[in-house]
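Work through the exercises below with the structure open. Try each task before reading its solution.

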Amino acid sequence: MPKKPANDVDAALENEAKRLQSIRKIVAQSDKHYMGYQERLTEALVDIYGFTLELTESKLIEAFVLSHDGFTWGKVARDNHFQPVAKLAFEGSASPASASKYSTVLAYAHESGIAPDKIKDWLAEGIEERLAQARSSSAFDTYDETPEERLTRALSLLSAPVGKAQAVLANAIPPISGDTPNAAISDFRKALVRIVGGKLEIVKVLQSSAAELESEIVGTVPKDPLLGRRKLTAKAYYDVFCACDLMSRFARGADASDLSGYAVPKKGTPDYEIWQKSVEAKGKAKKSKSPPSTSLRITHEAGGWIAEMVSTRPTFPAVRYKLDSQLDHLDPAKIYAISRQQAERIADGFIRSAEWTLRVRKQVSGGADIAGETEIVLDEFDPKLAWNQLGKLTAFGASFGVDADTFRSMRTWNANFKEVTGSSLPGLIGVRVEKSELTLFPAGNSDAALARRLSLVKADAKYSSAFSSRWLLRDDLLQITSINEDYGRPMTCSFLDGNEKLAGLQVEFTGATITVPLVVSLGGDYAEIAAPV
């Protein structure tokens with residue numbers, strides 16, 4: 001991909017603007033009223049794919065997006081660079097929902113490792129089909145079964161005895177043509193059979209090539225749905241990856257939870273219409289604050305090594321993970337750290353790369369000890385910063401489980417809500433308890449059909465009243481549902497008290513504890529769940 005001149009950003013952006021205009025011309029002809037629109041739509045998506053990857057590689061993507069009026073560089077754009085580019089390309093030619101759909105498909109192609117010169121063939125399967133795959137895929141499904149593994153598994157299943165063997169004349173069995181990489185294939189043949197009175201008769205053993213037999217054998221076994229997760233969990237330092245992955249999902253920049261400037265009145269009902277306008281106004285404002293520091297602190301406790309999220313933010317979603325890896329080469333008396341940037345690199349690369357190693361960063365005279373592509377490098381923890389950690393919290397009511405079907409319903413909530421109302425799910429999610437049923441609902445919307453049942457709880461008076469001024473941040477909730485899908489482990493949840501009544505939601509599964517602050521105002525303010533280190 002061509003590099004852009006680092007010393008002439010304006011010229012580079014002007015050149016990219018011309019590229020965008022040429023893509024828009026193709027997009028304009030991809031309307032359904034034109035014959036051959038599907039081919040032109042594919043052509044446009046191919047161009048957007050390569051264009052976005054070039055912008056990303058040349059580090060111009062953010063500047064390019066911000067150079068267009070009305071476009072911001074928010075969380076959605078940072079997570080999916082194709083989203084703002086597709087929106088720009090289809091502006092005036094397709095609905096925002098369609099542009100979002102196309103960007104999801106292109107992001108899935110990139111995650112799947114599809115090269116720009118292969119994207120056209122990849123899209124040939126159908127955009128809607130690829131969209132369905134993208135929406136049902138999990139980050140942990142990146143590992144696919146190799147052809148050799150699939151063949152070995154199929155041969156193992158098919159080689160088991162299925163009944164009494166019948167003798168066949170040797171000259172009735174034709175030889176296999178072509179190379180036979182796996183000797184076990186030579187035990188199989190294709191045959192023409194006839195069914196007579198419920199019994200099979202072999203009419204003829206057919207001539208077959210090794211390639212044909214291998215294809216037929218592999219086709220008899222379905223894809224192993226848990227293979228990716230098994231391969232990933234078997235890798236060295238998988239637990240360190242998990243801690244990095246979980247922290248990366250929640251370590252947002254400064255003011256991420258600050259949804260609006262609207263304050264909840266002390267008396268009366270909150271005006272959700274004014275709140276929504278305040279959210280929209282604040283979203284358009286430029287934020288100049290630099291993000292706070294967030295790290296994983298790794299310490300040795302009585303039960304072993306623990307990775308825990310710490311931050312200079314006053315309160316934040318906190319992650320704690322018990323490490324089971326062999327870390328004998330670390331000093332139990334020392335405290336180590338993995339920065340947010342390092343954690344994001346590990347979380348992204350661990351799935352896609354082979355074996356990883358772990359070491360402590362060295363002090364290099366006159367230079368820097370840079371981590372290798374598949375290295376986890378620990379720094380010594382810097383105690384000089386004003387770090388905060390998860391404070392002491394107590395249980396509010398009994399814990400409860402949430403089943404996989406409920407989490408699955410939560411994952412589609414935003415899309416379903418948009419289909420019904422025409423707008424996205426609000427940034428705040430209300431909580432209520434009715435007849436021992438814990439239910440989540442969009443803030444400001446009383447339509448019971450748009451709510452989602454979370455769990456049955458042992459309700460009492462304090463449950464019913466305490467949630468009237470508490471909300472969950474929508475992005476936190478959707479992040480938890482995504483984690484449930486990726487990790488595939490049963491989760492136990494509980495609400496917690498802190499310095500404030502009903503301060504957080506805690507989610508626990510094997511090795512991990514995630515504590516998310518509840519929101520205590522329509523301004524998006526988190527409850528205080530953190531305390532100084």
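The model is predicted, so local features need pLDDT of at least 70 and side-chain atom pairs count only at pLDDT 80 or more, while totals for chains, interfaces and linings use all residues. Residues are numbered from 1 along each chain as its sequence is written, and side-chain values use heavy atoms, with hydrogens and water left out.

**Exercise 1.** State how many helices and strands the protein has, and what percentage of its residues count as buried.

Solution. Helices (H or I, at least four residues) and strands (E, at least two) are DSSP runs, numbered from the N terminus. The protein has 18 helices and 18 strands. Buried means under 20% relative accessible area, exposed over 50%, and partly exposed in between (1.4 Å probe, protein chains only). Of the 533 residues, 43% count as buried.

**Exercise 2.** Describe the largest nonpolar core.

Solution. A nonpolar core is a set of buried Ala, Val, Leu, Ile, Met, Phe, Trp, Tyr and Cys residues joined through side-chain atoms within 4.5 Å. The largest one has 68 residues, and those with the most contacts inside it include Leu 246 and Ile 514. Helix H12 (residues 238-250) gives the largest share of this core, 9 residues. A second, separate core has 39 residues, among them Phe 64 and Tyr 108.

**Exercise 3.** How do H12 and H18 pack?

Solution. Axes are lines fitted to C-alpha atoms, for helices over the stretch in contact, and angles run from 0 to 180 degrees between N-to-C directions. H12 and helix H18 (residues 474-487) pack at about 155 degrees, with their axes 10 Å apart. Angles under 35 degrees count as roughly parallel, over 145 as roughly antiparallel, 65 to 115 as roughly perpendicular and the rest as oblique. H12 and H18 are therefore roughly antiparallel. Contact means heavy atoms within 4.5 Å; residues making this one include Leu 246 of H12 and Ile 483 of H18.

**Exercise 4.** Find the angle between H9 and H10 and classify the pair.

Solution. The axes of helix H9 (residues 147-158) and helix H10 (residues 210-218) come within 9 Å and cross at roughly 75 degrees. The two helices are therefore roughly perpendicular to each other. Among the residues in contact are Leu 151 of H9 and Ile 217 of H10.

**Exercise 5.** Is Gln 341 buried or exposed?

Solution. Gln 341 lies in helix H14 (residues 340-352). Its relative accessibility is 58%, so Gln 341 counts as exposed. From C-alpha to C-alpha, Gln 341 is 9.0 Å from Thr 294, and the two are 47 residues apart in sequence.
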